[in-house]
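Hi,

Here is the structure I said I'd pass on to you. Have a look at it first, and then read my notes below.

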Amino acid sequence: MSTRYSVVLVDDHTIVRGGVRAMLRGTEFDVVGEASSGNEGVTVAQETKPHLVLLDIRMAGGDGFSALVAIKTALPKTAVLMLSTYDNPTYMARAVAGGAAGYLLKGIDHDTLLEAMRAVLRGEQLLTAQDLIRSLKVVGDSAQAADLIEPLTRREEEVLKLVATGLTNREIGGVLFISEGTVKTHVEHVIGKLGVSDRVQAAVWAARQGLVNEADLPKLSTYH
């Protein structure tokens, strides 16, 4: 008998869950639970202990990133694939930091979804820090064109973009494979070069220069 794998679907749109469920019919994947919010998704995952969770990001009643952290904390062996409408490096950074195995865009075809699910269950990491850094670099040199006290280095620009996602120094260090202390030093240099007073102002500066999506900045009002 072939191996079966249990899956939980977390998405606030019933039609999306139904579509994914239909795509999985006749495969080795069994949908053992569904949820329409992040908080509900955590509860369902803890109850069913699935091999894999397909997790949306923007949902009422607890967003996908909070759910990702909670699921990986409670069930570290459960693989999580983020399934989102948004091709957004900010979201990818938060997915990396939270422990997601991959980041898929809604609208992918049947074969791509199945191969991604099989890959992460083989232990492969579809969303890597290197992929994230490449996506962050597509913005170009807009930070260098701004009126800075001193130009940012490439590493400082990478750190600034990750600061603007709301990641902690420790999480940024994990993404960039550098120590938390090194990240702290980079952040201090960035703040000094920008002439701002703290990392929140640095994040706002980054958004205004087009380095990150300004729509993501409200989360930073409670960020320390």
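**What I found**

Nine of the eleven residues of α8 are buried, so this helix is largely enclosed by the rest of the structure. "Buried" means under 20% relative accessible area, "exposed" means over 50%, and "partly exposed" is in between (1.4 Å probe, protein chains only). The helix names follow DSSP runs, numbered from the N terminus: helices are H or I with at least four residues, and strands are E with at least two. The buried residues in α8 are Glu-156, Glu-157, Glu-158, Val-159, Leu-160, Lys-161, Leu-162, Val-163 and Ala-164. Just after α8, Gly-166 has a positive phi of about 95°.

Before going further, some housekeeping. This is a predicted model, in which local features need pLDDT of at least 70 and side-chain atom pairs count only at pLDDT 80 or more, while totals for chains, interfaces and linings use all residues. Residues are numbered from 1 along each chain as its sequence is written, and side-chain values use heavy atoms, with hydrogens and water left out.

**The overall picture**

The protein has eleven helices and five strands. Of its 224 residues, 49% are buried. Take the contacts (heavy atoms within 4.5 Å) between residues at least 6 apart in sequence: 64% of them join residues at least 24 apart.

**Helices that meet**

What does α8 pack against? One partner is helix α11 (residues 199–208): α8 (residues 154–164) packs with it at an angle of about 100°, with the axes 8 Å apart. The axes are lines fitted to C-alpha atoms, for helices over the stretch in contact, and angles run from 0 to 180 degrees between N-to-C directions. The two helices are therefore roughly perpendicular to each other. In this scheme, angles under 35 degrees are roughly parallel, over 145 roughly antiparallel, 65 to 115 roughly perpendicular, and the rest oblique. From α8, the contact uses Leu-160, Val-163 and Ala-164, and from α11 it uses Arg-199, Ala-202, Ala-203, Trp-205 and Ala-206. Sorted by class, that is seven nonpolar, no polar and one charged residues. Here Ala, Val, Leu, Ile, Met, Phe, Trp, Tyr, Cys and Pro count as nonpolar, Asp, Glu, Lys and Arg as charged, and the others, Gly among them, as polar.

A second pair is α1 and helix α5 (residues 110–121), which pack at about 80° with their axes 10 Å apart. That makes α1 and α5 roughly perpendicular too. Val-20, Met-23 and Leu-24 of α1 meet His-110, Leu-113, Leu-114 and Met-117 of α5. By class, this contact has six nonpolar, one polar and no charged residues.

**The inside**

In soluble globular proteins, nonpolar side chains tend to be buried together. The largest nonpolar core here has 47 residues, and those with the most contacts inside it are Val-53, Leu-55, Met-82, Tyr-103, Leu-160 and Leu-194. A nonpolar core is a set of buried Ala, Val, Leu, Ile, Met, Phe, Trp, Tyr and Cys residues joined through side-chain atoms within 4.5 Å. A second, separate core of 17 residues includes Leu-54, Leu-81, Met-117 and Val-120.

Helix α4 (residues 89–98) is also largely enclosed by the rest of the structure, as eight of its ten residues are buried. Just after α4, Gly-99 takes a positive phi of about 100°.

**Loops worth a look**

Is Asp-11 buried or exposed? Asp-11 is buried, with a relative accessible area of 4%, and it sits in the loop between β1 (5–10) and α1 (14–24). Its side chain makes a polar contact with the side chain of Lys-106 (2.8 Å). A polar contact is a pair of N or O atoms within 3.5 Å; within protein, one must be able to donate a hydrogen and the other to accept it, and residues adjacent in sequence count only if both atoms are side-chain atoms.

Most residues other than glycine have a negative phi. Lys-49, though, has a positive phi near 50°; this exposed residue (56% relative accessibility) lies in the loop between α2 (38–48) and β3 (52–55). Phe-177 has a positive phi as well, near 60°. Phe-177 is in the loop between α9 (169–176) and α10 (180–194) and is exposed at 63%.

Cheers
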